[in-house]
Amino acid sequence: MSVTRPSPSSSAIEAERLRLFISSITDYAIYTLSPEGIVTSWNAGAQRFKGYREDEILGQHFSRFYSAEDRAAGRPARALAAARDTGRFEDEGWRVRKDGTRFWASVVLDPIRDHDGVLLGYAKITRDITDRRREQEALHASEERFRLLVQGVTDYAIYMLSPEGLVTNWNEGARRIKGYDSDDVVGTHFERFYTEEDRAAGLPMYALATARREGRFEREGWRVRKDGSRFWAHVVIDPITDSMGGLMGYAKVTRDVTERRAAEEALARTKEALFQSQKLESIGQLTGGLAHDFNNLLNVISNGLDILRNTGDRAIRVKTIDSMARAASRGAALTQQLLTFARQQPFQPERVRVNRVIDSFEAVLRRAVKSSMQLELQLTPGLPEIMADVPQLESAVLNLVVNARDAIGDTGTIVIASSLRSEPEGGALPAGNYVCLSVRDNGCGMPPEVMARAVEPFFTTKEVGKGTGLGLSQVYGTVQQAKGELRIASQPGQGTDITLLFPALPAASDGDGGCHHEAAEKVLLVDDQFDVLDITAQLFSSLGYEVLSANNGTEALDILQRTPDLRILFSDVVMPGITGVELAKAARQLRPEMKIILSSGYMAAALSEQKEDLAQFDFIGKPYRLSDIIKKLR
């Protein structure tokens, strides 16, 4: 007779499966405790973390896993009580292995109750998170070091902004540079550091928008300290984003560069002063020749006066007057060239033709050499334009001619030549066409050691008191500003050839260097001096313009209002009644597209009270020539 055993219930099977599953887990210590805290079960993970075998730990109190100081503080009992009373206990802290070593544990303790709510014990899950804690501590230490580093920086204002531009922290450099304590600014908008005009222009929010859009904002400008004083700041703003690209805020670094800016401005003023002194030195080189020229001109005029005083012959008187007029014209032209060369003005590069510069300056250059020397011009026609500042270019050529004169002695030849050269790829200059301007002589030449130092400031081989050593360095600076190059070829006893290479500009639409205009384009000329108005009208007429003229501002306004197709206004500044500036402003309101040129016998710098107004328009000083007008119209 066989006996049939009852099959285990499904709940018993599930319970056994769960036990086997928990027992096999190795990444978590999962075990149970009695209501008193006695270990009643143990899994593989618990053995791996804590080092105890099941037979060693069952029946032991779980407090043995705590450090001595935690046991003394009653933390095991508080953990059981918290789980019993609140339904769950979570904690992190040091736990102790069998071998006495410690690990950082994440602990969860849940009470186990029957259907009637009676406490049966506790389920405890422990995880070893020592590595994660070390990483967190390392990150925290790194952040703290960085915070202390940033906080300790005093030369830079380094602080954070919210996405809206509110200051969220403040370092010592920010306090020192801007004058605010942390309590003064944290939580306020960073626009408070900007000037009123920059705030009105929306620059603070533009800076944030640019940083967000382009990944960085960098600029220099005036900023305002707590005491209201201003400083020149170099500012960098970088956006800070999370891993998903969301904007968390901005990092802002500000540096006070007021001293650097002042030094740069002082250096610029020094360079300008050196340039002016170099021009004056060059003019000093011309005094002998100029005195000779003016003595000749004065001789013509004084003798002519004697003739006019002593003769009644009409033909002789007319011929004498013509000679005197020519002498006066030559003197005026020479004086004007010197004044143009010597006057102080800012660096103003423009499109110029080298040959025209040399032609117009030839009279001054010839005065720089002795009468026993030959000065030859070998200018290649049809050369492209270059970008250069005319006074600086004239000064450079004059310096080279004076140096050549001093190298020759009493007799010899100086040649000023112009040509076009193509520079290949891979050279010192970018490949392309260059206009070459050279000054060569057949003088004593230079040995290699002198040639190597020729462009050094204050280096000179002349006698003490005969030169500053700034001439060639100024020439070098001029050609460098034009993105060109200075080349020296010389051998002792065979002369020197110094060549300036300037990048050739693409051909302008007008090959003659003039300006294009429609045949019937109208210009309004305004001047209270009838003779000036008449000659200016002739100049514009020669350029093909239809000329309308007015002798005062009131008359000019009337013409402006009834002549809608006027394209150009050319007006004197100083006039009775409506001034040229007032007229120009009214014209700008009536015709925003109109070209407006103001002119005066006073230099722009002398019209200080109208300086800001004049800056809105083109300005040309009197006396002006046809070429000056063409440049402004262009």
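1. Ground rules. This is a predicted model, where local features need pLDDT of at least 70, side-chain atom pairs count only at pLDDT 80 or more, and totals for chains, interfaces and linings use all residues. Residues are numbered from 1 along each chain as its sequence is written, and side-chain values use heavy atoms, with hydrogens and water left out.

2. The H13/H14 pair. Helix H13 covers residues 354-367 and helix H14 residues 390-408; their axes come within 11 Å and cross at roughly 45°. Axes here are lines fitted to C-alpha atoms, for helices over the stretch in contact, with angles running from 0 to 180 degrees between N-to-C directions. H13 and H14 are therefore oblique to each other (under 35 degrees counts as roughly parallel, over 145 as roughly antiparallel, 65 to 115 as roughly perpendicular, and the rest as oblique).

3. Who meets whom there. From H13 come Val-357, Ile-358, Ser-360, Phe-361 and Leu-365, and they meet Leu-393, Glu-394, Val-397, Leu-398 and Val-401 of H14 (contact means heavy atoms within 4.5 Å). The residues of this contact split into eight nonpolar, one polar and one charged. For the classes, Ala, Val, Leu, Ile, Met, Phe, Trp, Tyr, Cys and Pro count as nonpolar, Asp, Glu, Lys and Arg as charged, and the others, Gly among them, as polar.

4. The H18/H19 pair. Helix H18 (residues 553-562) and helix H19 (residues 580-590) have axes that come within 11 Å and cross at roughly 10°, so H18 and H19 are roughly parallel to each other. On the H18 side the contact has Gly-553, Ala-556, Leu-557, Leu-560 and Gln-561, facing Leu-583, Ala-586, Ala-587 and Leu-590 in H19. The tally for the contact of H18 with H19 is seven nonpolar, two polar and no charged.

5. The two sides of H18. Gly-553, Ala-556, Ile-559 and Leu-560 are buried in H18 (buried is under 20% relative accessible area, exposed over 50%, partly exposed in between, with a 1.4 Å probe and protein chains only). They span an arc of only 120° around the axis, so they sit on the same side of H18; the arc is that of the directions from the helix axis to the C-beta atoms. Turned away from that buried side is a face with the exposed residues Thr-554, Gln-561 and Arg-562. The cover over the buried residues of H18 includes strands S16 (522-526), S17 (546-550) and S18 (566-572), along with H19.

6. H19 itself. Its buried residues are Gly-580, Val-581, Leu-583, Ala-584 and Ala-587. Looking down the axis of H19, these fall within an arc of 155°, so they line one face of the helix.

7. Lys-483 is worth a look. Its phi is near 60°, a positive value in a residue other than glycine. Most residues other than glycine have a negative phi. Lys-483 is in the loop between helix H16 (471-481) and strand S14 (485-490), and it is exposed, with a relative accessible area of 66%.

8. Glu-485, in strand S14. Glu-485 lies in S14 and is buried, at a relative accessible area of 16%. Not counting residues up to four places away in sequence, Glu-485 touches Ala-428, Leu-429, Val-479, Thr-499, Leu-500 and Leu-501. Glu-485 and Phe-502 are 17 residues apart in sequence and 7.0 Å apart in space, C-alpha to C-alpha.

9. Phe-190. This one belongs to the loop between helix H8 (182-185) and helix H9 (196-200), yet at 0% relative accessibility it counts as buried. Among the residues Phe-190 touches, leaving out those up to four places away in sequence, are Leu-161, Gly-165, Val-167 and Pro-204. Leu-161 is 29 residues from Phe-190 in sequence and 7.8 Å from it in space, C-alpha to C-alpha.

10. Whole chain. The protein chain comes to 21 helices and 20 strands (DSSP runs numbered from the N terminus: H or I of at least four residues for helices, E of at least two for strands). Buried residues make up 38% of its 634 residues. Of the contacts with a separation of 6 or more, 55% are between residues 24 or more positions apart.
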